[in-house]
Amino acid sequence: TDSNFHQFYVADREMEPEAPTAWTDDDVAARHLTLVNIAALCPESDIDARVTSCGPGDPEPDFPDQPDFEVVTSIKTPSRRVGIYGWPWELEDEYDLETDDCAIVFRGFATEQKDDGKDYYYVRVGPKEGY
């Protein structure tokens with residue numbers, strides 16, 4: 001399955017591992033492909049998807065809609081630095097962690113309105129404890 005244009009990444013900032021390419025239909029249906037040090041996350045929209053990211057200590061945004069889906073996964077970040085990357089590999093945000101276990105929560109909102117560009121997404125990264 002080719003999902004190159006429908007993904008962004010959460011990865012160890014110093015390692016910057018290769019993006020996963022061996023997608024199965026199950027991975028696409030689950031909206032992510034997570035390897036040890038990187039997770040590729042799949043919004044409904046293409047590379048122009050609106051993604052809000054938050055890290056440890058950031059307040060939880062108050063979104064007007066209920067999420068259409070939620071993905072919870074985790075990666076190892078030996079550097080304790082995590083980056084959020086747009087496709088093909090552009091650093092959008094970065095966060096420092098107190099542990100090398102990074103929990104990732106990814107939610108999609110208004111996905112039925114993607115053709116009108118009104119869908120939006122949220123990703124939170126932080127310590128695995130508490131997620």
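In which loop is Asp 58 found? Asp 58 is found in the loop between strand E4 (50-54) and strand E5 (69-76); helices (H or I, at least four residues) and strands (E, at least two) are DSSP runs, numbered from the N terminus. The model is predicted, so local features need pLDDT of at least 70 and side-chain atom pairs count only at pLDDT 80 or more, whereas totals for chains, interfaces and linings use all residues. Residues are numbered from 1 along each chain as its sequence is written, and side-chain values use heavy atoms, with hydrogens and water left out.

Asp 58 is partly exposed, with a relative accessible area of 31%. In these terms, buried means under 20% relative accessible area, exposed means over 50%, and partly exposed lies in between (1.4 Å probe, protein chains only). Together with Glu 90, Glu 92 and Asp 93, Asp 58 forms a negative surface patch. Such patches are made of residues with over 30% relative accessible area and no salt bridge, where like charges are joined within 9 Å and nonpolar side chains (Val, Leu, Ile, Met, Phe, Trp, Tyr) within 5 Å. Asp and Glu count as negative and Lys and Arg as positive, while His and the chain ends are not counted. The place of a charge is taken as NZ of Lys, CZ of Arg, CG of Asp or CD of Glu.

Aromatic contacts were examined next. A pair of aromatic rings is described by the distance of the centres and the angle of the planes. A search of the whole structure finds ten aromatic pairs. Rings of Phe, Tyr and Trp (its six-membered ring) pair if their centres lie within 6.5 Å; planes under 30 degrees apart count as stacked, over 60 as edge-to-face and the rest as tilted. One of the pairs is formed by Phe 8 and Phe 106, which are edge-to-face at 5.4 Å centre to centre, with 80° between the planes. Phe 8 lies in strand E1 (residues 8-12) and Phe 106 in strand E8 (residues 101-109), so this pair ties together parts that are 98 residues apart in sequence. Both Phe 8 and Phe 106 are buried. The pair of Phe 63 and Phe 109 is tilted, with 4.7 Å centre to centre and 40° between the planes. Because Phe 63 lies in the loop between E4 and E5 and Phe 109 in strand E8, parts that are 46 residues apart in sequence are tied together. Phe 63 is partly exposed, with a relative accessible area of 22%, whereas Phe 109 counts as buried at 3% relative accessibility. Ring pairs also link Phe 8, Phe 69, Phe 106 and Tyr 121 into a cluster.

Charged pairs form another group of contacts. Side chains of opposite charge can pair when their charged atoms come close. The whole structure contains eleven salt bridges, each defined as a side-chain nitrogen of Lys or Arg within 4 Å of a carboxyl oxygen of Asp or Glu. Glu 94 and Arg 13 meet in one of them (3.4 Å, N to O). This pair links distant parts of the chain, with Glu 94 in strand E7 (residues 90-96) and Arg 13 in the loop between E1 and H1, 81 residues apart. Glu 94 counts as partly exposed, at 39% relative accessibility.

Asp 100 and Lys 76 also meet in a salt bridge (3.9 Å, N to O). Here Asp 100 is in the loop between E7 and E8 and Lys 76 in strand E5, 24 residues apart. Asp 100 is partly exposed, with a relative accessible area of 29%, and Lys 76 is partly exposed at 35%. Lys 76 forms a salt bridge with Asp 101 as well, the closest N and O atoms being 2.5 Å apart. Since Lys 76 lies in strand E5 and Asp 101 in strand E8, the pair ties together parts that are 25 residues apart in sequence. Elsewhere, salt bridges that share partners join Arg 13, Glu 14, Glu 16, Arg 81, Glu 94 and Asp 96 into one network.

Some loop residues remain to be described. Arg 31 is not a glycine, yet has a positive phi of about 70°; Arg 31 lies in the loop between helix H1 (25-30) and strand E2 (32-34). Ala 110, also not a glycine, has a positive phi of about 50°. Ala 110 is placed in the loop between E8 and strand E9 (120-127) and is buried, with a relative accessible area of 6%.

Notes: Accessible areas come from the Shrake-Rupley method with a 1.4 Å probe; for residues, only the protein chains shown count as cover.
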